[in-house]
Amino acid sequence: MEEHNNKPVVHLISKPENMLKTIYTAARTCYSADMPINIYNASDDEEKMLKLIERVVGSGHYSVIEHIQVTFAISNVSRACTHQLVRHRHMSFSQKSQRYVKEKGQFDYLIPPTIEKNEELKQKFIDFMGEISQKYTEFVEAGIPAEDARAVLPNACATSIVTSMNLRELIHVANLRLCTRAQYEIRMMVKAMCDELIKVEPWLKPYLVPKCERLGYCDEDKSCGRKQKLEL
Ligand SMILES: Cc1cc2nc3c(=O)[nH]c(=O)nc-3n(C[C@H](O)[C@H](O)[C@H](O)COP(=O)(O)OP(=O)(O)OC[C@H]3O[C@@H](n4cnc5c(N)ncnc54)[C@H](O)[C@@H]3O)c2cc1C
């Protein structure tokens with residue numbers, strides 16, 4: 001790992017082969033007398049498929065996008081960041097354990113950019129991480145199990161996590177976490193997740209956006225200016 005590189009490392013490691021066709025088949029099945037397998041085999045018109053998907057998703061018929069499951073491998077993010085991610089209840093997680101994986105020497109950590117850009121505070125932050133690391137090691141060497149020694153580790157501690165979710169949940173997470181009201185690190189991480197998927201499924205771009213882009217207005221207390229608040 002590059003020293004104090006604050007960028008999350010995000011890779012899409014699993015997604016279905018025929019995403020668009022699968023969603024289209026699910027949507028068409030609701031309105032067709034034909035067998036789903038025939039719909040699936042006959043579907044090759046991307047424009048037609050996208051139109052139907054936009055119509056059903058636009059009208060809140062979200063079950064059709066729940067058939068799509070994607071998995072991301074994520075590292076170089078802070079525990080503070082993943083603590084926010086795991087609040088999402090329709091996602092599955094497997095995270096590096098601080099019980100089973102003992103920190104050896106200085107643990108990896110993330111420096112928030114607001115601290116990083118101030119040389120004096122950055123040095124204080126680094127020194128403090130060093131002190132914590134020494135205390136942690138002292139406890140472990142005194143026979144304290146890692147599951148208890150970790151109590152001194154900070155929110156800034158780097159972690160790794162594998163997460164899976166269906167497309168409905170990913171869109172929901174993107175809508176919430178790409179908003180400028182979301183904390184910067186989770187925003188960067190979710191943006192990287194969305195970018196990874198959009199690279200291979202570009203048709204998803206209009207869905208993986210902050211909620212204001214879908215709503216057409218800002219529903220937060222205060223607008224960042226990207227979209228205006230609704231005048232009531
Ligand atoms: C900008 C921002 C600031 C935040 N600040 C705080 C904070 O200060 N303190 C704090 O504790 N949290 C905070 N959160 C976390 C937030 O409260 C949610 O826990 C988190 O965003 C998960 O969102 P969710 O519940 O919509 O989504 P998910 O858990 O991903 O669920 C998706 C959707 O499923 C439905 N759903 C899921 N579970 C239930 C259920 N049990 N009953 C009914 N419907 C359900 C809901 O429609 C929900 O929107 C913040 C989040 C954001 C984006």
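Select strands S3 (residues 91–95) and S4 (residues 158–166): they pair in the antiparallel sense over five bridges. Strands here are DSSP runs of E with at least two residues, helices are DSSP runs of H or I with at least four residues, and both are numbered from the N terminus. Two strands pair if DSSP finds at least two bridges between them. Within this pair, serine 92 has serine 164 in S4 as its bridge partner.

A note on what is on screen: this is a predicted model, in which local features need pLDDT of at least 70, side-chain atom pairs count only at pLDDT 80 or more, and totals for chains, interfaces and linings use all residues. Residues are numbered from 1 along each chain as its sequence is written.

S2 and S4 run antiparallel and are joined by nine bridges; valine 77 has threonine 159 in S4 as its bridge partner. S1 pairs with S2 in the antiparallel sense over five bridges, and serine 14 stands opposite threonine 71 in S2.

With the four strands selected, the order of the open sheet reads S1-S2-S4-S3, with antiparallel pairing. Neighbouring strands are turned by 20° against each other on average, direction ignored. Axes for such angles are lines fitted to C-alpha atoms, for helices over the stretch in contact, and angles run from 0 to 180 degrees between N-to-C directions.

H8 lies across S2, S3 and S4, at about 125° to S4.

**Helix H1 and threonine 25**

The buried residues of H1 are Ile23, Tyr24, Thr25, Ala26, Ala27 and Arg28. A residue is buried if 20 or more other C-beta atoms lie within 10 Å of its own, exposed if 12 or fewer, and partly exposed in between, with C-beta atoms placed from the backbone. Helix H2 (36–42) and H3 are among what covers these residues.

Pick threonine 25 in H1. Why does threonine 25 count as buried? It does so because 22 other C-beta atoms lie within 10 Å. Leaving out residues up to four places away in sequence, threonine 25 touches Pro36, Ile39, Tyr40 and Ser43; a contact means C-beta atoms, placed from the backbone, within 7 Å.

**The nonpolar cores**

Select Ile23, Ala174, Met189 and Val190: of the 34 residues in the largest nonpolar core, these touch the most other members. A nonpolar core is a set of buried Ala, Val, Leu, Ile, Met, Phe, Trp, Tyr and Cys residues joined through C-beta atoms within 7 Å. A second, separate core of five residues includes Phe107, Tyr109, Leu110 and Cys157.

**The ligand**

Finally, select the ligand and the residues around it: Arg87, His88, Arg89, His90, Glu169, His172, Leu176, Arg177, Arg181 and Ala182. Each has its C-beta atom, placed from the backbone, within 6 Å of the ligand. How many residues of this shell are nonpolar, polar and charged? The shell divides into two nonpolar, three polar and five charged residues. Here Ala, Val, Leu, Ile, Met, Phe, Trp, Tyr, Cys and Pro count as nonpolar, Asp, Glu, Lys and Arg as charged, and the others, Gly among them, as polar.

Methods. Two residues are in contact if their C-beta atoms, placed from the backbone, lie within 7 Å.
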